[in-house]
Amino acid sequence: MRPRSLKAREARLAFFMLFPTFFVVVLIVIFPVVADFWIAFKNIKLGDLRPPRAVVVERVKLRPKAPGDRMVVAYRVENRSPNPITETRFTDRVPPGLAPLELPPECRIRGEVLSCRLAGPRPGARKELVLAFRAEAAYFAAGRPNPRATRPEVTTKAPNPILAKPFTLENFARVFRDPDFWPMLKVTLAYTVFGTGLSILLGLFAAQLLAVRFAGRNLLRGLFLFPYVVPVIAVAFVWVFLLDPFAGTVNALLLKYGLASGPIPFLSQRTWPLELFGLRLELPLALTMVILFEGWRYFPFAFLFILARMQAMPKELFEAARVDGAGIWATFRYVTLPQLAGILATLFLLRFIWTFNKFDDIFLLTGGAAGTETITIKVYDYAFARADLGLGAALAVVLFFILALFLTLYFRYAPKGEV
Amino acid sequence: MGFLLAALTGALAFSLAYGAVSLSAALFLGLETHLLAAVPLLAGALFGLLAALSAPRKGALGPYLLFTGAGALLGALLPGALGGGVFLGALAGAAGGALLVYGLRELALFPPTRETYERLALRGLRALGFVFFVFAVVFPFWAMLVASLKPRAEFLANPADLSLPFEVFQSGFLPGLEKLFEGYRAVLFEYRFLRYIANTALVSVVTMLLTLFFSVLGAYAVARLDFPGRRLMERAVLLTYMFPAIVLAIPLYVVFTLIGLRDTLGGLVVVYLAQTLPVALYMLRSYFETIPKSLEEAGMIDGCSRFEVIWRITLPLSLPALASVGLYVFMIAWNEFLFAFMFLDTPEIFTLSRGMVALNSQEVPYQYLMAGAVIVTVPVMLLFFWFERYLVGGLTAGGVKG
């Protein structure tokens, strides 16, 4: 049917043009979030991804020596997975010249094909089916073929554990009962706030440096963007290498110039005692390094936006400030900064959310050790290191709600027209 | 008061110059240097006093030449101040002199006003800032390059020495070259990075082409066509942009495992598509809206269909935007770590990120690891420098997620 109006036709065309994007995003973004909720309420382990399969092993218990002898064959059906199987079926070829004497009720023979069908077995259980035959002369004429020469073909019917397992609140209880839960939130918050703050501060500073025209400015701008555009895996490994307590350049330099008395394990020690104006402080060493990395790697992002904004500022304002006798600090404080307020707020919210979501950096630097375990690292740890998908998904759901809170704030307070 | 200020400026300028030069010499040239304090402080103070009297002006070359030359002379005469001897000393002294003149030019020193202090502080901060940022950015990349060229034993002997190991050429050019690039040879051929490069390039290019194709369609629809739910679409795009990959990772791992898509490059491409499509669409839409509608209407009147209009009018006009979006997508796919790390098990289809992790877990020497890091980095750097203009536009328009 052809749509009648032009408007309806346009809408239909738009729908078809947007469909691929829409489809992929729903599939890869929206659906997983929903699925997270599903998995979080079930006790699903990594091993449950392999569907339960029955294993059938055939053994010959008694071999005939002369025509008329008994032959006994046993099939052992085993469920080695932790999940239930509803039904197991298997078929096997019976060598010619064997007349069935005793068959278990689960099995029947048609021609040369044996087929069995049984319920279960239960997880971890096994069941043995014993078959007895009388070997005829034809069996010996065929050269006494071993029944094991043909392998049984097995089909297993089992509910998918991910769908079948019962719903439970156990995962959430375990997430909140974990003694690491609150410290982890604290670490996440510290990492997010200080990492965001540092990267924006550095970006603001770098943008001030390049706001004035001079030879080589474009080159420097490109250079300053490097930490941001380069693959995280490369720069994280370089940092690990530089900060190595024994072979690292940074420690070697500190020792060489007498700034440290011994090697400092920057990324593997939780705290470092610090003497400051007679005050003893415990510096969270590894966390500080991770935050420094964050500042180093993402200052270019803030730098780029702030620089773009500064280049768009009208010159007249600065001239007016000069005429009014404003000093440099006063100009920055009362002319530059107010114009940057919008972009700074947006940058802060955006970077805050992204830093909160960040996984790669800490994972590659410390693996979450030495007091740097953030919530995203913990999700990975639960789901994959401990192979407990349900637990990981439960924490992912918690993360999702915290994020939803931030996003609400973002959409409420982000200035319009920026970014 | 003015003299004190000038002396202080001089002392700071010379300390900064000497510090930067001696640190660079130690790191980048592998020279034995010491952090001098007394000499640059005293000399700087003295020069500062002299400079105060000359009252340098902006654009006047005289004072620059004078103090740069004098500084160079002093630095050269100081025996053994820097490991490199005369030349480095002269360099540091000249830098100190130039910095001093830059600090003091056009300042009202007699008597100093509030503005004098402010400008002085600002110039000091700027000088420090440049040294700091350039150093902070260059140092890790330089270290990466040098560590990839040096055998383990040589590096462990003096980890503070980040000079390029040119001494390998003493045994001849070709053997030297072989020794220099030993890490690269091992990583590329023994640890199969050649294969990983091909895989990563394939994934990145396919992701880029697909994203461009779909996002052009979508962006055009949002920019030009009228349909219900347009605003909602935009919001949704932004929203997907904020989702943490780790939250998506568990269900995707489950589903991809069940349908057999997990350990494949195709599965990776699908995930990258979802990560890049919304932003690409957003960036292209803003660009399409800057193209005058009348051009397209003219095309329609001349009998083009919608898709002909897109192909013949809109796309040729948006080449810069397409370039920046394409580059952005390519880089995202090239750099991606988490999903490549979680999804890929078969070494034949490893991408570079996954290959690096595998390399790291084999306890290879740092030299190999750094060679791998250079291999991952160089293509992105080259692309970035070639297309910097486009990319900077793209980065600010979409704000590459990171």
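The structure is a predicted model, and chain A in it has 14 helices and 10 strands. With a radius of gyration of 34 Å, well over the 22 Å that the globule rule gives for 419 residues, chain A is more spread out than a compact globule.

**Overall form of chain A**
- Taken along the principal axes, the C-alpha atoms of chain A fill a box of roughly 120 × 80 × 45 Å.
- Of the 419 residues in chain A, 37% are buried.
- When contacts in chain A between residues at least 6 apart in sequence are considered, 73% of them join residues at least 24 apart.

**Helix H13 of chain A**
- Helix H13 of chain A spans residues 375-385, and because 9 of its 11 residues are buried, this helix is largely enclosed by the rest of the structure.
- Among the buried residues of H13(A) are Ile375(A), Lys378(A), Tyr380(A), Asp381(A) and Ala383(A).
- The cover over the buried residues of H13(A) includes helices H5 (181-210), H11 (328-357), H12 (360-365) and H14 (389-413) of chain A, together with helix H11 (245-258) of chain B.
- Just after H13(A), Ala387(A) takes a positive phi of about 60 degrees.

**Contact between the chains**
- The contact takes 77 residues from chain A and 78 residues from chain B.
- On the side of chain B that touches chain A, helix H5 (residues 114-147) of chain B gives the most, with 16 residues.
- The residues on that side of chain B divide into 58 nonpolar, 11 polar and 9 charged.

Key
Residues are numbered from 1 along each chain as its sequence is written. Chains are lettered from A and ligands numbered from 1 in the order in which they are written. This is a predicted model: local features need pLDDT of at least 70, side-chain atom pairs count only at pLDDT 80 or more; totals for chains, interfaces and linings use all residues. A residue is buried if 20 or more other C-beta atoms lie within 10 Å of its own, exposed if 12 or fewer, and partly exposed in between; C-beta atoms are placed from the backbone. Helices (H or I, at least four residues) and strands (E, at least two) are DSSP runs, numbered from the N terminus. Two residues are in contact if their C-beta atoms, placed from the backbone, lie within 7 Å. The radius of gyration is taken over C-alpha atoms; the globule rule is 2.2 Å times the number of residues to the power 0.38. Ala, Val, Leu, Ile, Met, Phe, Trp, Tyr, Cys and Pro count as nonpolar, Asp, Glu, Lys and Arg as charged, and the others, Gly among them, as polar.
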